[in-house]
Each structure stands twice: as C-alpha cells, then as structure tokens.
Amino acid sequence: MPRQLRSARKETSASELDRPRPQNGIYEPVRFVASASTPPEQAIVRSHLPGLDEGDLRILRKKQNRLRKSAFLTARATLEISRQASRALASTLIFAQHEAGTAVCIESRGWILTCAHCFGETSEEWNSKRLKWLLYYNGLAVQVECRAWDERRDLALAKIVQIEILDELCRGPVAPIFSYVPIAKSMSFSSPIFCIGQPGADDLESVSLRKTAYDLFELSEGRICGMLAGADPQDNSEIGTLKHTAWTYWGHSGAPLLRRSDGALLGLHSSWDDTTTMRHGVPLAAIRSFITENLPIDSVDSTVSEASEDLQDIIVIDGVD
C-alpha cells in the first residue's frame, strides 16, 4: 500500500484541511492529519470488529476482499468519467450486511446520509440497530451510529464512530478527514445526473434462485424527471417524490443522485414504481430540511465548493491497493 509523507511548509486553515483532496487524480475516502488528540467519537480498530456475529463478519470480509482487489481499476475507471464522479465514489459507502443498501458522506467529519428504511422500517427497529458496518470502494470498513431517523422523509443521519485501519504505521494521535459530496443549493428538475450504489446480490427478476453479476459499486447515468404531481416533498414514506431515470436495483436505497456538471447532491434514490418503471428518490428539499434540523451546528456547511490550493502539511495514507 503506497504512502506519501509531505513535510510542513506553511500553516493551513481548518477549512482547507476539511476539503477533499485527490492523490494522483484519485480521491481517497479518508486521510489522516496529525492531531493533538484523536477525536473521541472515532476509534481506530485493527482487527476485531465489534457488533458483528460470525455470519455478518464473513459477509463483510467477502465484500471487503472483492473491493480491495478491484479498488484501483474502479477508481481509475471512475476518474475517466469525471473528477466529480471520482469524488463521489470516494464519498459513497455500502452497507456490509447481505441486505445491501447505500449511503453517502456529506461532511468531512464523517456524517453519513442514507434512507431511513436502510436502518429500519419502524422506530423500534432502528433504535435497536443503530450501529452498522459500512464499506468504501477500497474495502475500508467503518462503523456508523444512526443519530437521526425520519420515517416520513425516509432519511437517516449517521456518524462514523469506528474505522478499521490495517496499516501499523498509522500510530499516534491522528484525526480522520473524510471525503464528502457537496449538497446543492438549489434543485435542478431536469438535470443530467449520475448515481453510485450497491446492487443486491440476489436476482429478483429470475424465476429460480440465482445471483446477479453486478459489481458492489455501480455507477449509472440518467436525468432528473421532476416531482410527483401534487406531492409533498417532505413526505417520502410511501414512495420517493423525486423522479429520475438513472439505473438502480434492489440495494441502491440511499444511493446519491448527483448533478453531472458539479457532483452536487440533488437527492437519494429510495424506491421505484413497478407500474410505471420510474425510479424515485428523496428530493433536495427534504434533505436540506432534515440536515438543518439534525446536523450539529458546529459541523461545516457542505454546500457547493471546490478548493484549488494544494495542501503541504499533512500525512497522507493512500488506501488504494
């Protein structure tokens, strides 16, 4: 696993440190900066992953091994699509359990957005299953804790609380900085988009039991097709009120719908209408309201912005195999 050490040459502001930075053109899911102390909410684990039984751990390791083997090719192929797609790939996570599901990081300190039903169909279910393990495209495993759950909007906000680090050179107090996607300031109701998500392993279209041949991370392109006529954008409990044409499959719930031009988050895929075959998602209006109500006020505002300056004073641990 390649590593690069860059010695300090100038003092860098906290806002600059928070911005996602590509290495060799490829965005990494997380980088570590020297810190006076490790953030209390984020523990580094090296082998034992708490909260998983033998079966769940086996599924996680199987997915993790697949991702590690394909990480470099996945990253390079995505970068060939666009820089925005590369950043989105590094900011997208998949649920490690068999039931699939997808999520996206929206803030550099590890705040994760997904659909509420990915954590549970009822308040009792999500309260009993707040902790889940997710995987990045390079196989990096993180545990998240669901902090807010909104059945009506079909949105959940989680925080990364543990990171599995296999590199023994990552010692001493460090602070993780996570890649994230910016949240759009305004909605585009006919915008070209791309979507990154995890298709489920079971072929639900087959009359016999068989598996799909999809990759764990699939990128598709499409277009926003407006809203359901007369629908309340804050009510996505029955079906998502945003319509789109990006290809999705069972397991894509929570997958980010991103504006192709700048990679800004416009919605989350959540459902589809089997009578019209239209894909549906949670719209930007519901996302912005939910985040305003639930994201701690000391967190950075993740609106559309791109940094242009190079960082010169951080330790970078390259996670691509």
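Figure 1. F95 is buried, with a relative accessible area of 1%; buried means under 20% relative accessible area, exposed over 50% and partly exposed in between, with a 1.4 Å probe and protein chains only. F119 also counts as buried, at 2% relative accessibility. The model is predicted: local features need pLDDT of at least 70, side-chain atom pairs count only at pLDDT 80 or more, and totals for chains, interfaces and linings use all residues. Residues are numbered from 1 along each chain as its sequence is written, and side-chain values use heavy atoms, with hydrogens and water left out.

The structure holds 5 aromatic pairs. Rings of Phe, Tyr and Trp (its six-membered ring) pair if their centres lie within 6.5 Å; planes under 30 degrees apart count as stacked, over 60 as edge-to-face and the rest as tilted. The ring centres of F95 and F119 are 5.8 Å apart and their planes stand at 75 degrees, so this pair is edge-to-face. F95 belongs to strand β6 (residues 92–95) and F119 to the loop between β8 (111–114) and α4 (123–128), so the pair ties together parts 24 residues apart in sequence. Helices (H or I, at least four residues) and strands (E, at least two) are DSSP runs, numbered from the N terminus. Elsewhere, ring pairs link Y214, W247 and Y249 into a cluster.

**Figure 2. Strand β11 and its partners.** In strand β11 (residues 155–164), 10 of the 10 residues are buried, so the strand is largely enclosed by the rest of the structure. Two strands pair if DSSP finds at least two bridges between them. Strand β10 (residues 141–150) pairs with β11 in the antiparallel sense over 8 bridges, and E145 stands opposite K159 in β11. A hairpin is formed by β10 and β11, with 4 residues between them; in the turn, D154 has a positive phi of about 60 degrees. β8 pairs with β11 over 4 bridges, also in the antiparallel sense, with I112 opposite A158 in β11.

Figure 3. The barrel has 6 strands in the order β13-β14-β15-β18-β17-β16, with antiparallel pairing. Neighbouring strands of this sheet are turned by 45 degrees against each other on average, direction ignored. Axes are lines fitted to C-alpha atoms, for helices over the stretch in contact, and angles run from 0 to 180 degrees between N-to-C directions. Strand β13 (residues 192–197) and strand β16 (residues 256–259) share 3 antiparallel bridges; I193 has R259 as its bridge partner in β16. Helix α3 (residues 83–91) packs on the sheet and touches β13, β14 (218–227) and β16, its direction making about 30 degrees with that of β13. Helix α5 (residues 284–294) also packs on the sheet, touching β17 (265–272) and β18 (279–283), at about 35 degrees to the direction of β18.

**Figure 4. The largest nonpolar core.** A nonpolar core is a set of buried Ala, Val, Leu, Ile, Met, Phe, Trp, Tyr and Cys residues joined through side-chain atoms within 4.5 Å. Of the 51 residues in the largest core, those touching the most other members include Y137, F217 and I287. Helix α5 gives the most to this core, with 5 residues. Domain 1 (30–178) and domain 2 (192–293) each supply at least three residues; the domain bounds come from an automatic or database domain assignment.

Key
Contact = heavy atoms within 4.5 Å.
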